[in-house]
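The following report examines how two protein chains meet and how parts of each chain are arranged. Please keep the sequence and the structure in view while reading.

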Amino acid sequence: MAYPTTTMLNGWIDGIGVLGPGLDNWAEAQATLTGAADYEPRPIMVPPPVALPPPERRRVGLAVKVALAVAQEAIAAARLDAKHLVAIFSSSGADGDNCDAICRVLASEDRHISPTRFHNSVHNASAGYWGIASGAMTPATVLCAYDGSFGAGLLEALTQVAVDGVGTLLVTYEAPHPEPLHAKRPLPAAFGLALALMPQKGPNSLARLQINWVEAPLDRVANPGLEALRRQIPAARGLPLLQALARGRAGRVILEYLEPLRLAVDIQPCR
Amino acid sequence: MTPVHLSHFTVSSCLGHGLDAILTALRQQRGGLAPCRFETVRDLDTHVGEVPKVDDFPLPASLAEYECRNNRLAFLGLQQDGFSSAVEAAIARYGRRRLGVLLGTSTAGILQTEQAYRRRDPNTGALPNDFNYRTTHNTYSVADFVRRWYRLEGPAVVVSTACSSSAKVFASAARMLAAGVIDAAIVGGVDSLCLTTLYGFNSLELLSAEPCRPFDVDRKGISIGEAAAFVLLERPGESLDANAVLLLGTGESSDAYHMSAPHPEGLGARMAMAAALRSAGLQAADIDYINLHGTATPSNDAAEGKAVAALFGDRASYSSTKGATGHTLGAAGGLEAVISALALQHAFLPGGINTLHLDPAIPIQYLTANSELAPRRVMSNSFGFGGTNCSLVLGRAG
């Protein structure tokens, strides 16, 4: 049997969700990304996770709230039902507040940690709460590749789209760690980015993506404030892709993955 | 799916280092769980499955920044059964960029952070200078370590979905092979003992005081273990030995039910198993043995029992090998895939140990003794926190 030997993978973007400092949602972020509006960094405004039942709503931390918010935004924009989509969550550090709380208790005389703290400590808390919030019993994968987490998520998502022919929701997110972890892993702000990726072009498709890996210089974001986010937060490594999509022009962006590889994303707008 | 060849594999657990150790222990129905004396833990009445001599395998000086129990366990594991030679041969065949590293872990090197918190500066609260978050604590550190050790340049990732982590990497790698993204993959899982899981499962009241007893009517919870399991996956060559083991199908699902409790009817588990059968193009009757997730908590075993009984009834044989190895959490899927591969190659079904009185409410043929029935196709189940499920179907080539 002959197998393909290139890494070329295709998919269509049907919906986008974004949330970060000065980026409240995709509709408003587009003007900032194209330079039509100034970038005004301000504390992130996280919508409450209303899709969760009240007990779970009280238990989730900032990282999960950001993940659920962008996931919901991407699905709504694409007019898709989460119950039909595979979900891929990718985060470098997940819930740092929760990790800090557990490590403090474990370093103390009384090591009794709360059950909620413990079940929120798993890297896949976002996927678990997403399942509860959306009712989706479809597969959910949760990844980590440190600073390459966005690239790893995009590669996994487009592989699922291409091989299994299924609609796939990619959610990449990050939240800052409190001190003393912050000094060892400084993430300046929470950030989330979600893409609803489909195997075929549909009425809501925004652009066709094709990815490959290359050795080439990274694309950056012209605005210094946004570029600082890109550089400092793994989930924001996808900002050059969002900027290209906001501009609506065909082209190629080079995104960070794992040295020495970068991900080249070829973009062909649908309208 | 297109079958994938498990061209080389190894596992190290509390039963010992390498395949001979685990095969001998399984043949003798011997377990490796012992009262917990791990690290500073003195107040938990539980048994653990500690891998012997992890501390005797320091990392090579060039990768000293990755020093932590989890990466030591990984390094120990890579040195068994000629696994590294097989990786080097694959690199020679395909090139450094065509070999992926996809590993599962739940806690990576978090023990390093737990210990660093005890050494916080009394004045500033700062963590000690020698603590390196990226190379130890971070979930990705074990895949990064393995990628650096073999000087690989291809894709790498850690899947961290609690106890299904290192089963799901088989599914991810199979997709990447099918897409042509890679030509081979190092998959598996590494999870090591740490305080977070010991005290965390204790807080959920899920730790057993005695060695765990899967599917026993008096089961009282889990015994935590640790393990390093590695498998080299490749596309099958032209002529496969009859003894070769193939990954025939993978099935994944989500419970969408609760963060730390399974769907009571095992609905998500059943969906994952059915998807694995579809992926393999097989019927339930084609599966001879199922290595159960079988954690020995009352609710997990009951839910899984309902799911397998509904799908396979009494046509298949079942056991959980966690009575021998403990629940190795993020490494469990990889460990149990290797046990399933050994059952296929060595023509036996491993009986579960510690189980004295089968739960009469679970109507399945649970093996408490080894069977010499030679299986042709087996299923391995891994179901995690947050309801992330994965089932693998493995079979003999001949």
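## Basis of the model

This is a predicted model, in which local features need pLDDT of at least 70 and side-chain atom pairs count only at pLDDT 80 or more, while totals for chains, interfaces and linings use all residues. Residues are numbered from 1 along each chain as its sequence is written, chains are lettered from A and ligands numbered from 1 in the order in which they are written, and side-chain values use heavy atoms, with hydrogens and water left out.

## The interface between chains A and B

In chain B, 66 residues are in contact with 64 residues of chain A, where contact means heavy atoms within 4.5 Å. The area buried between the two chains is about 5500 Å², and carbon and sulfur atoms give 65% of it. Buried area is the accessible area (1.4 Å probe) that two parts lose on being put together, summed over both.

The count between chain B and chain A is three salt bridges, a salt bridge being a side-chain nitrogen of Lys or Arg within 4 Å of a carboxyl oxygen of Asp or Glu. The side chains of A:E215 and B:R97 form a salt bridge, with 2.8 Å from N to O. Among the elements that give two or more residues to the side of chain B that touches chain A are α4 (110-118), β6 (156-159) and α8 (195-203) of chain B. Helices (H or I, at least four residues) and strands (E, at least two) are DSSP runs, numbered from the N terminus. The largest share of this side, seven residues, comes from α8(B).

## Strands that pair across the chains

Strand β3 (residues 140-144) of chain A pairs with β6(B) in the antiparallel sense over two bridges. Two strands pair if DSSP finds at least two bridges between them. The bridge partner of A:L143 in β6(B) is B:V159.

## A sheet within chain B

An open sheet of three strands in chain B has the order β3-β4-β8, with mixed pairing. Because β3 (34-35) and β8 (224-225) of chain B stand at the edges, each with a single partner strand, one side of each is left without a neighbour in the sheet. Strand β4 (residues 47-49) of chain B runs parallel to β8(B), and two bridges join them. Here B:G49 has B:G225 of β8(B) as its bridge partner.

## The make-up of chain A

Chain A contains 10 helices and eight strands. Its C-alpha trace spans about 60 × 40 × 35 Å along the principal axes of chain A.
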